Amino acid sequence: MQTNLCFIRHGETEWNHQTRIQGTIDNPLNQNGIEQAHAVAHFFTQQPEKWDVIVSSPLKRAMQTAEIIASQLSL
């Protein structure tokens with residue numbers, strides 16, 4: 001059985017846009033980041049691979065990105 005992994009960085013936050021370092025500061029996605037997450041989700045819906053699970057850091061920006069992708073992949 002083959003295991004496929006895909007690593008995705010969270011979408012943009014306001015601090016990313018301002019080129020500020022966030023570290024563990026819990027910033028949410030900005031509108032562009034939300035659109036980026038939807039674009040990644042759309043990309044995955046067009047691929048032949050089927051995904052079983054999404055794992056995310058507990059930070060808001062990562063969770064928001066993962067939730068958007070998961071909802072479009074019915075995970």
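Which residue caps the N-terminal end of H2? The legends below begin with that residue.

**View 1. Asn30 at the start of helix H2.** Asn30 caps the N-terminal end of H2, with a side-chain oxygen 3.1 Å from the backbone nitrogen of Asn32. The model is predicted, so local features need pLDDT of at least 70 and side-chain atom pairs count only at pLDDT 80 or more, while totals for chains, interfaces and linings use all residues. Residues are numbered from 1 along each chain as its sequence is written, and side-chain values use heavy atoms, with hydrogens and water left out.

View 2. Asn30 lies in the loop between helix H1 (14-17) and H2, and at 12% relative accessibility it counts as buried (under 20% relative accessible area, with a 1.4 Å probe and protein chains only). Its side chain reaches the backbone nitrogen of Gly33 at 2.8 Å and the backbone oxygen of Thr13 at 3.3 Å. Leaving aside neighbours within four places in sequence, Asn30 is in contact (heavy atoms within 4.5 Å) with Glu12, Thr13, Glu14 and His17.

**View 3. The buried residues of H2.** Gly33, Ala37, Ala41 and Phe44 are the buried residues of H2. They cover an arc of only 80° around the axis, which puts them on the same side of H2; the arc is taken from the directions from the helix axis to the C-beta atoms. What covers these residues includes H3.

**View 4. Helix H3 against H2.** In H3 (residues 60-72), the buried residues are Arg61, Ala62, Thr65, Ala66, Ile68, Ile69 and Ala70, and they pack against helix H2 (31-45). H3 is followed by Ser74, whose phi is positive, near 55°.

Definitions and conventions: Buried means under 20% relative accessible area, exposed over 50%, partly exposed in between (1.4 Å probe, protein chains only). Helices (H or I, at least four residues) and strands (E, at least two) are DSSP runs, numbered from the N terminus. A polar contact is a pair of N or O atoms within 3.5 Å; within protein, one must be able to donate a hydrogen and the other to accept it, and residues adjacent in sequence count only if both atoms are side-chain atoms.
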